[in-house]
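I opened my notebook on a structure that is new to me. Here is what I looked up, entry by entry.

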Amino acid sequence: MNTKISENLNRILTFAKVYNPTIIAVTKYHTVDEMREVYKAGLSNFGENRVTDAIEKINLLEEEITSNSHYHLIGHLQSNKVNKAVGVFDLIHSVDSMELAGRIDNVARQKGIVQKVLIQVNNAREEQKFGIAPSQLESLINNILGLQNLSLEGLMTIAPLTDDTTLIKKLFSQMRELKDAYNLKELSMGMSNDYKIALEEGATMIRLGRTLFE
């Protein structure tokens, strides 16, 4: 067993366990063997950015792991990958338009399933990142709630890469307020650099790569 991953997870849990979050192991830069080690260490939620890469890895994992794990699409979902993604991922974190939501709903209906999704919010208003502005959230929520084969679970955000912890805290606090305002269950925010702030501000899911594997 990879003691490094196990030691890293124990360190993370020392801080995180009081918040009881879902810890998502971000495996986009890591191998199937490392995914096996993460599973052995006690995590069963895996996050991938690319649909094709995720499917290739899942197909290489043992039945015991795949049947007891949950897969999260945390990267942007391109329209031409919707058919492949729906049903493979337990939760799609990156819905950022009604057009995309409608495509997911159509494919889910064809497959006879209900696909769980999060809305990605870009409350830092970074031009290079996907996600909707908070001002667009109410309209998108209302429209998604009208789709029979989508289940809106909550919100997701990606904080700016900055050392300004005051700014990060403010942005995460705004996300918690939005989640609570719309009575949503999940709030996916916080990565290796800022997961502690995210948990303090109400994250229910954190997405960890480097701090778990390195």
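**Entry 1: a loop residue.** I began with Arg-125, which sits in the loop between strand E5 (115–120) and helix H7 (137–144). Helices (H or I, at least four residues) and strands (E, at least two) are DSSP runs, numbered from the N terminus. I noted that this is a predicted model, where local features need pLDDT of at least 70, side-chain atom pairs count only at pLDDT 80 or more, and totals for chains, interfaces and linings use all residues. Residues are numbered from 1 along each chain as its sequence is written, and side-chain values use heavy atoms, with hydrogens and water left out.

Is Arg-125 buried or exposed? Arg-125 counts as exposed because its relative accessibility is 58%. Here buried means under 20% relative accessible area, exposed over 50%, and partly exposed in between (1.4 Å probe, protein chains only). I also wrote down its phi, near 55°, a positive value in a residue other than glycine.

**Entry 2: Asn-183.** Asn-183 has a phi near 55°, also positive in a residue other than glycine. I found Asn-183 in the loop between H8 and strand E7 (186–188). With 69% relative accessibility, Asn-183 counts as exposed.

**Entry 3: Ala-159.** My next stop was the loop between strand E6 (150–156) and helix H8 (165–181), where Ala-159 is found. Ala-159 counts as buried because its relative accessibility is 10%. Which residues does Ala-159 touch, not counting residues up to four places away in sequence? They are Glu-126, Lys-129, Ile-168, Phe-172 and Asp-194, with contact meaning heavy atoms within 4.5 Å.

**Entry 4: the core.** I looked up the largest nonpolar core and found 61 residues in it. Such a core is a set of buried Ala, Val, Leu, Ile, Met, Phe, Trp, Tyr and Cys residues joined through side-chain atoms within 4.5 Å. Leu-77, Ile-104, Ile-119, Leu-155 and Leu-212 have the most contacts inside it. Apart from that core lies another, of five residues, including Leu-91 and Met-205. In soluble globular proteins, nonpolar side chains tend to be buried together.

**Entry 5: two helices.** Last, I checked helix H1 (residues 3–16) against helix H2 (residues 32–41): their axes come within 9 Å and cross at roughly 50°. Axes are lines fitted to C-alpha atoms, for helices over the stretch in contact, and angles run from 0 to 180 degrees between N-to-C directions. In H1, Ile-5, Ser-6 and Leu-9 meet Glu-34, Glu-37, Val-38 and Ala-41 of H2.
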